[in-house]
Amino acid sequence: MFLPYPVIEQLDDAQVAAWNTHFAGVGHERPRAIEEGIWRRTQDPANAQQSGWSEDEQGRRRVVHYRYRYDLDYTFPVPRLVLADLYLYTSVLAPKAEIDEYRDNVRSWLSEGGWRQVDDTTWAKGDLRVTVTPFDSHPQDERASRATPAGFCSLDIVFVSEDFEVTRNVRQMPWNVLAGGIRVKDQRGNPVYADDLGELKNFLPFQVEIGCGTSVEAGVPPLHFLHRVYRVTERTDNVMKQTHPFVLSPHKDTLVRELLLDATTKAEELVTMFRESFLAEPTAVHHALKALHDAGHFVGPVLQHNFDLLAARAGLEECFVRRYDQKIPPVPFHPEAKALLVIGLHADRRSVEKRARERGMQVFFVDTEGLEEFGEYMPYPLEGPQDGDIVVKAEAIRTLVALCRQLGVPVPVATQAV
């Protein structure tokens, strides 16, 4: 694989301006030209259905961490959006016999893929380097005083583009996330269901938190698309289900094999999420929120879980709260906000809603609580609503446009057909 890898072969003037304004700039809570993801999957009684935990089967672990840097490339007659640097780390902990077999497979894939051995642990091909490091006891487990299960060992495999500087803090990040423990699902209360957001007029002004639902409506792939790309679950489809088992056995982990045999082909999947996020346009939801903000009904920044910057591109201030370096990031609640409107967000992973309730804010949700994919409807109930919360079980676009009309806010031209 050679870098820079083309993500969009030709950008027009408006796309270059969008990149320079929203993605390449400084001053964000995180660099927006960086795409990053972390999964840590462990066997635990709390996730026994997906991890296969039992008294006789426990101790497996798999960590996947990627961090990519994108940029504009002007070496051709027209500007291109490219993947400039790549870092992808995997670590698997499993019974020694399985790790030994996995190492043998990796050696075979390195040979078949045409990688050139540099030293005992490092191979090179094109602009990529891969290191393969076995551990009887993983250094990160020793650091955290975690015991290695009897008869288990680890194998770390790291892909990195040549000369890409990966700081110690970045390398440490997935292990810091792991140390935070498995996420315990919220205990759902008994919210009130409403047909629309009419009750919100009694709690003005409000603040907004948005999740992936607004991005999916804009054509951005849902998060479980990445679960398939990075083989996080035993998924052969792209349908949202809660029962896909975790990939914890080395022989079921095809991500490394795919990269070693044909990294260029796999790269097309790896960059899909960023490309589709960049190409997406703000929807009627974002334009309606901008109109409500301009009218003074909505205050403060959008509390944003998505890196597509759709709210910012609609002219709204964003605060990115989906962070790996802070489990519970600070949230800039506006002092005048009387309500929190949560749009398309399944679970309160950053305790935003919990902290809003503690401030006395009324919490509203807009969510379909399910979606249809490939002709199949999949229920997906909200996890976070509590007693006294108000849920509108509907699409965000129609609900927000209706709210504008209820509040007498002129509906933006981009939403009038809704």
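Predicted model: local features only at pLDDT ≥ 70, side-chain atom pairs only at ≥ 80, totals over all residues.
**Entry 1: helices α3 and α8**

I looked up the handedness of the crossing of α3 and α8 and found it right-handed. A crossing counts as right-handed if the near helix is turned clockwise from the far one by less than a right angle, and as left-handed if anticlockwise. Residues are numbered from 1 along each chain as its sequence is written, and side-chain values use heavy atoms, with hydrogens and water left out.

Helices here are DSSP runs of H or I with at least four residues, strands are runs of E with at least two, and both are numbered from the N terminus. The axes of α3 (residues 96-112) and α8 (residues 255-270) come within 7 Å and cross at roughly 20°. Axes are lines fitted to C-alpha atoms, for helices over the stretch in contact, and angles run from 0 to 180 degrees between N-to-C directions. The two helices, α3 and α8, are therefore roughly parallel to each other. For that word I use these cut-offs: under 35 degrees is roughly parallel, over 145 roughly antiparallel, 65 to 115 roughly perpendicular, and the rest oblique.

Next I listed who touches whom, with contact meaning heavy atoms within 4.5 Å. From α3, Tyr-102, Val-106, Trp-109, Leu-110 and Glu-112 meet Val-256, Arg-257, Leu-260 and Leu-261 of α8. By class, the residues of this contact are seven nonpolar, no polar and two charged. My classes: Ala, Val, Leu, Ile, Met, Phe, Trp, Tyr, Cys and Pro are nonpolar, Asp, Glu, Lys and Arg are charged, and the others, Gly among them, are polar.

**Entry 2: helices α1 and α9**

How do α1 and α9 lie, roughly parallel or roughly perpendicular? The axes of α1 (residues 13-23) and α9 (residues 272-279) come within 11 Å and cross at roughly 105°. That makes α1 and α9 roughly perpendicular to each other. Gln-15, Trp-19 and Phe-23 in α1 meet Phe-274, Phe-278 and Leu-279 in α9. The tally for this contact of α1 with α9 is five nonpolar, one polar and no charged.

I then followed an open sheet of seven strands, in the order β9-β17-β14-β13-β10-β11-β12, with parallel pairing. Two strands pair if DSSP finds at least two bridges between them. At the edges stand β9 (192-194) and β12 (318-320), each with a single partner strand, so one side of each is left without a neighbour in the sheet. From one strand to the next, the twist averages 25°.

Inside this order, I checked β10 (residues 206-210) and β13 (residues 339-343), which pair in the parallel sense over five bridges. Val-208 stands opposite Leu-341 in β13. Helix α13 (residues 396-406) lies across β10, β13, β14 (362-366) and β17 (390-392), and runs at about 145° to β13.

Which helix did I find beside α13? The axes of α10 (residues 284-294) and α13 come within 8 Å and cross at roughly 25°. So α10 and α13 are roughly parallel to each other, and their crossing is left-handed. Ala-284, Val-285, Ala-288, Leu-289 and Leu-292 in α10 meet several residues of α13, among them Ile-397, Leu-400 and Val-401. The contact of α10 with α13 has 11 nonpolar residues, no polar and no charged.

**Entry 4**

Strands β6 (residues 122-125) and β7 (residues 128-135) pair in the antiparallel sense over four bridges, with Trp-123 opposite Val-130 in β7. Their hairpin has two residues between the strands, and Gly-126 there takes a positive phi near 60°. Eight bridges join β7 to β8 (residues 152-161), and the two run antiparallel. Thr-131 stands opposite Val-158 in β8.

**Entry 3: backbone and charges**

Most residues other than glycine have a negative phi, and most peptide bonds are trans. I noted a positive phi near 70° for Asp-163, which is in the loop between β8 and α5 (168-179). The peptide bond from Leu-204 to Pro-205 is cis, with omega near -5°, and Pro-205 is in the loop between β9 and β10.

Last, I looked up the 24 salt bridges of the structure, each a side-chain nitrogen of Lys or Arg within 4 Å of a carboxyl oxygen of Asp or Glu. In one of them, Arg-67 meets Glu-36 at 3.0 Å, N to O. This pair links distant parts of the chain, 31 residues apart: Arg-67 in β3 (residues 61-73) and Glu-36 in β2 (residues 34-42).
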